[in-house]
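Reader: I would like to go through the charged pairs and some local packing here. Could you take me through them step by step?

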Amino acid sequence: MKILVPVKRVIDYNVKPRVKADGTGVDLANVKMSMNPFDEIAVEEALRIKEAGKADEVVAVSVGPAKAQETLRTALAMGADRAILVQTDDEVEPLAVAKILKAIVETETPGLVILGKQAIDDDSNQTGQMLAALLGRPQGTFANTVEVDGDSVIVKREIDGGLETVKLTMPAIVTTDLRLNEPRYASLPNIMKAKSKPLDTKTPADYGVDTAPRLKTLKVAEPPVRQAGVKVADVDELVAKIKALGIA
Amino acid sequence: MKTLVLVEHDNASVKDATLSTVTAAAKLGEVHLLVAGSGCAAVADEAAKIAGVGKVHLADDAAYEHQLAENVAPLVASLMESHDAFLAPATTTGKNIAPRVAAQLDVMQISDIIGIEGDKTFTRPIYAGNAIATVESSDAKLVITVRGTAFDKAAAEGGSGTVEAVSGPGDAGTSSFVGSEIAKSERPELTSAKVIVSGGRALKDADTFKEYIFPLADKLGAGVGASRAAVDAGYVPNDFQVGQTGKIVAPEVYIAIGISGAIQHLAGMKDSKTIIAINKDEDAPIFQVADIGLVADLFKAVPELTEKL
């Protein structure tokens, strides 16, 4: 079985994003970029399934600018076998990404596609579900544990009230939640080795996908700023303040 | 505009998240509801009483019992032939189903909206709430998930909707429900609690979390939340987590104890009306957003606070 892992290059999760003064977006010039944290978890899970002898190849794929190659090299350094970059400088919405991934799935025929549950930049939480719908395949979103069992996969999902377990017939789509695993660090020898692993470059047109956005961003603004309030000296003063709020 | 709202329920009663979504839908036009489940006629009757609701579509079929997205999404897609917009609460249920519906209709979903600026124009937070985007859809049909804390709840009584049975394609046969582990709690549900007491890594372990946070929460009739660090360290189950990847809350009062205030945590609670922070590190970022801050050792301050309230 083959596992396909889509990864996205996003602003590093530790960086506080700055909104551009002209309101057209967030300033990404000279900002540290990294692999989306949920995608690192997806790569790690795919590698663990392979290491358990339940998959024989892990293919990483990214849709984005030329620099997304670095993100793919990171996935290769973690242990992915090869990578596909669908290169475009346009911002590609989840629906178009899902369509590109669908075309890749149709040629690669993976048993599992493991994606992050959401990208920390657009916070959409859509791509995996859309891909599953386009392929007519089942989905195990917000996965907390993933267990491949013959031709099905058992996914424990994080839901609002707790956890839920579903059984999906493969091929299936899984999206990762944070507690699925702890991603490994790539060692220096593996980073060196990753440089010689195959990385194919394609374009959205190769897959016949139109990436024109359906949503037009009219403006991006700073959220309302919260002012720091007062510091109280001791618990008595805090008690008085809480009582004044009328909750106790 | 005719809107279709997904009712969040457990086959017994309507969940609160539905009510805020109805408010958002009413701003767009006529509100129809969808109750998909098994043995859930009572849910449909309850849903029909929500103020402002027209028709309630009831799809009662074993295939919908656990609201598996593979089965519910085609049902929604078929109902969308006679509706202009589909709205679901941005809960794990809504987030699971709605994008699948959107892809089936070949439209882009607008996730987690916090405002409605026009028929096709919405505001939504991006970058963990560090920016607010205003987006306009060019799609013929709208698929939207709604952030519950951003819209008032519609009144649960006073409506006079009519229930109409519908049937859908049924079981897609690609997935099945195995089981669930639902955390039991006597406390108010986190996303609808008026007061939340939340603990972070500084609580040390599961026992001290219980010992220090729960009595204070009980005293205030508050829901209990946690930072990701506290969840990862195993102090509390994951459904306590507040933040970008957990629950988004906006209570009247949020009390953050031993939480530094990383941007991922702030994304989940910074729209709370009043934020109170107790932390021994006076430089903790949480104090930059806290209305009331106390620099103190929580192991001394919290028991004292609980006792004096």
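Salt bridges and packing

Author: A:Glu108 is buried, at 12% relative accessibility. Please bear in mind that this is a predicted model.

Reader: Which residue forms a salt bridge with A:Glu108?

Author: A:Lys2 does, with 2.6 Å between the closest N and O atoms. The pair links distant parts of the chain: A:Lys2 belongs to strand 1 (residues 2-6) of chain A and A:Glu108 to helix 3 (residues 94-108) of chain A, 106 residues apart.

Reader: Is A:Lys2 buried or exposed?

Author: A:Lys2 is buried, as its relative accessible area is 18%, and buried means under 20%.

Reader: Which residues are linked with A:Lys2 and A:Glu108 in a network of salt bridges?

Author: A:Glu57 and A:Arg82 are linked with them in that network.

Reader: How many salt bridges does the structure hold over all chains?

Author: The total is 27.

Reader: Turning to the chain contacts, which side chain meets B:Asp106 in a salt bridge?

Author: The side chain of A:Arg214 does, at 3.2 Å from N to O. B:Asp106 is in the loop between helix 4 (92-105) and strand 5 (109-113) of chain B, while A:Arg214 is in the loop between strand 11 (199-202) and strand 12 (215-221) of chain A, so the pair joins two chains. B:Asp106 counts as partly exposed, at 34% relative accessibility.

Reader: What is the salt bridge between A:Arg214 and B:Asp139 like, in terms of the closest N and O atoms?

Author: Those atoms are 2.8 Å apart. This pair also crosses between chains, reaching B:Asp139 in the loop between strand 8 (131-137) and strand 9 (142-146) of chain B. B:Asp139 is buried, with a relative accessible area of 5%.

Reader: Now helix 4 of chain A. Which residues are buried there?

Author: In that helix (residues 127-135), A:Gly128, A:Gln129, A:Met130, A:Leu131, A:Ala132 and A:Ala133 are buried.

Reader: What do the buried residues of helix 4 of chain A pack against?

Author: In chain A they pack against helix 3, strand 6 (112-116), strand 7 (139-149) and strand 10 (172-176), and in chain B against helix 4 and strand 5. Just after helix 4 of chain A, A:Gly136 has a positive phi of about 65°.

Reader: Lastly, where is B:Thr23, and which residues does B:Thr23 touch?

Author: B:Thr23 is in helix 1 (residues 17-28) of chain B. Leaving aside residues up to four places away in sequence, B:Thr23 touches B:Phe151, B:Asp152, B:Lys153 and B:Ala154. A polar atom of the B:Thr23 side chain lies 3.2 Å from the backbone nitrogen of B:Ala154.

How values were computed
Residues numbered from 1 in each chain as written. Chains lettered and ligands numbered in written order. Predicted model: local features only at pLDDT ≥ 70, side-chain atom pairs only at ≥ 80, totals over all residues. Heavy atoms only, no water. Salt bridge = Lys/Arg side-chain N within 4 Å of Asp/Glu carboxyl O. Helix = DSSP H or I, 4+ residues; strand = E, 2+ residues; numbered from the N terminus. Buried < 20%, exposed > 50% of the residue type's maximum accessible area, 1.4 Å probe, protein only. Polar contact = N/O pair within 3.5 Å; in protein donor to acceptor, adjacent residues only side chain to side chain. Contact = heavy atoms within 4.5 Å.
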